[in-house]
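Subject: Structure handover

Hello,

Here is the structure for your files. My notes follow below it.

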Amino acid sequence: MQHHICINIDNNFVPQAAALMASVYSNAKKEAPPVFHVLSNGVSDDNKSILKDFAKNAGGDIFFHELFDFEERLEKHLNAEPSTGRFPKTVLARIFSAEYMPADA
């Protein structure tokens with residue numbers, strides 16, 4: 001059984017995401033490496049490439065889901081104008097993680 005793992009990051013947390021991925025891959029069964037889904041708040045193409053290469057070398061896979069429509073989703077669910085206050089979008093994006101994940105995850 002393959003597991004899907006969702007993480008929320010921006011460019012500031014790419015090293016921490018790589019450390020998390022390394023830990024998960026080192027403890028995962030080789031026949032079913034996990035699939036990572038990244039809710040991305042502007043992760044650069046260079047950093048995406050680094051994480052994609054890391055996942056590929058570990059035998060896994062990674063998908064990026066940009067948070068372009070985050071405010072619209074938040075407004076729809078809250079019936080109010082969205083405000084993340086002092087928190088970056090990536091902190092609150094976990095509220096909608098199921099909406100970004102594929103149906104079979």
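Just after helix H3, Asn79 takes a positive phi of about 55°. Helices (H or I, at least four residues) and strands (E, at least two) are DSSP runs, numbered from the N terminus.

A word on the source. This is a predicted model, where local features need pLDDT of at least 70, side-chain atom pairs count only at pLDDT 80 or more, and totals for chains, interfaces and linings use all residues. Residues are numbered from 1 along each chain as its sequence is written, and side-chain values use heavy atoms, with hydrogens and water left out.

Back to H3, which spans residues 70-78. Its buried residues are Phe70, Arg73 and Leu74. Buried means under 20% relative accessible area, exposed over 50%, partly exposed in between (1.4 Å probe, protein chains only). Seen down the axis of H3, these residues fall within an arc of 100°, so they line one face of the helix. The arc is that of the directions from the helix axis to the C-beta atoms.

Now the strands. E2 (residues 35-40) pairs with E3 (residues 61-66) in the parallel sense, over six bridges. Pairing requires at least two DSSP bridges between two strands. From E2 the chain crosses through helix H2 (residues 45-57) to E3, a right-handed β-α-β crossover. Right-handed means that, with the strands pointing away from the viewer, the path from the first strand over the helix to the second runs clockwise. His37 stands opposite Phe63 in E3.

Last, the salt bridge (a side-chain nitrogen of Lys or Arg within 4 Å of a carboxyl oxygen of Asp or Glu). The count is one. Glu66 pairs with Lys48, the closest N and O atoms being 2.5 Å apart. Glu66 lies in E3 and Lys48 in H2, so the pair ties together parts 18 residues apart in sequence. Lys48 counts as buried, at 14% relative accessibility.

Best wishes
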